[in-house]
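Please open the model in your viewer, with the sequence panel alongside, and follow the selections below in order.

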Amino acid sequence: MRLEDIVWDAREPRRLGGFWAEALGAKVMLDEPDIVEARVQLSDEVFLDLCFPRVDEPSAAPTRLHPDLRGGPHQTEIVERLLGLGAVHADIGQGDVPWTVLADPEGNTFCVTDERDCYAAGSGPIAALPLDSADPERDARFWAAITGWVPCAGSGDMPALRHPDGVGPLLELCPEPEPSRGKNSPHLDVRPAAGEDLVARATALGARRVVGYDGYPWQVFTDPSGNEFCVLEAPAMLPDAAGQANLPE
C-alpha cells in the first residue's frame, strides 16, 4: 500500500495543475480539460502524484491539509519564483512567523518553510503535509496503518510519519483549530497492495464511508477526525501458467 496522491479540486485544472507542476518540478502525466495529473519522483521507487480534477464549485470549508514547501536558506528566492508563477501572499492570521504563507492561483494556501532538522535531504520539494486532527496521536496510528509510513521526528511535539525509505514529505498530525466543516480540498489518496483489503483495515480503525460516490473506481472515506481520503483500486493480481494469482512485479 502507499500514499499515492494529493488531490486539489480545481475550477481550471490546466491552470492550477500547471502552476503546481512548475512549482514542484513535477512531470505532467495526464493533461486533459477536466483533469491534470503530475508526478513528483522522490526516488527510483517512490513517487507522489498531484491530481487536479475539475469541479464546478470547490468547497468553501476551511482547509485541513496543505503542503509546506521546502525553503530553508533559499526561502526568499523560492517565494519570489512562486510569485512569478502566479502565487500571491496570504494572511491567515499567522502573525510574525519564520515561514511564508502564499496562495496558489485558485486561493489554496500553502507555506514556504524555514530550515528545520526534521526535513530530511530526501524530502524533495515538499517538506511536510500538515493535516488537522482532533487527536494527533490516534490519527498518526491510523495513517501509519493505512499507508505503511513510519513514525519519525516532526516539528515541535507533533506526531509525524514518513515513507519507510526515508524520502518524501512528513505527514504531520496537527491539533485542529475546529472540527471539519465540509468537503476537504486538498485531500489524500491511498492505494492498497494487490490482494489487500485496505477498506476493512481502515474501517476497523475508525474510517467512515462517504456516500454519493457509487460507480467510481475509488471509495471515499473520512478518517477518525473527519478528513476525507480516497481508497484507490488495488493493482490486479496476474495469473501464472498454472492459473494461480501472483503479485505483479
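With the whole chain selected and coloured by accessibility, keep in mind that this is a predicted model, in which 46% of the 249 residues count as buried.

Return to the C-alpha trace, which spans about 60 × 40 × 35 Å along its principal axes. The radius of gyration of the chain is 18 Å, which agrees with the value near 18 Å for a compact globule of 249 residues. In cartoon view, the chain shows four helices and 18 strands. If you then display contacts between residues at least 6 apart in sequence, 61% of them join residues at least 24 apart.

Now select residues 6-113 and then residues 131-232, both of which UniProt, in an unreviewed entry, lists under "domain: Glyoxalase-like". Residues 6-113 are 21% helix and 31% strand, with end C-alpha atoms 19 Å apart, while residues 131-232 are 19% helix and 31% strand, with their end C-alpha atoms 20 Å apart.

Finally, select the cysteines and show their side chains. How many disulfides does the structure hold? There are zero, and Cys111 illustrates the point, because the closest cysteine sulfur to its own, that of Cys174, is 10 Å away and therefore too far for a bond, whereas a disulfide needs the two sulfur atoms within 2.5 Å. Cys111 is buried, at a relative accessible area of 8%, which falls under the 20% cut-off; Cys152, at 26%, is partly exposed.

Definitions and conventions: Residues numbered from 1 in each chain as written. Predicted model: local features only at pLDDT ≥ 70, side-chain atom pairs only at ≥ 80, totals over all residues. Heavy atoms only, no water. UniProt positions renumbered as here; feature names shortened; annotations may be inferred. Helix = DSSP H or I, 4+ residues; strand = E, 2+ residues; numbered from the N terminus. Buried < 20%, exposed > 50% of the residue type's maximum accessible area, 1.4 Å probe, protein only. Rg over C-alpha atoms; globule rule 2.2 N^0.38 Å. Contact = heavy atoms within 4.5 Å.
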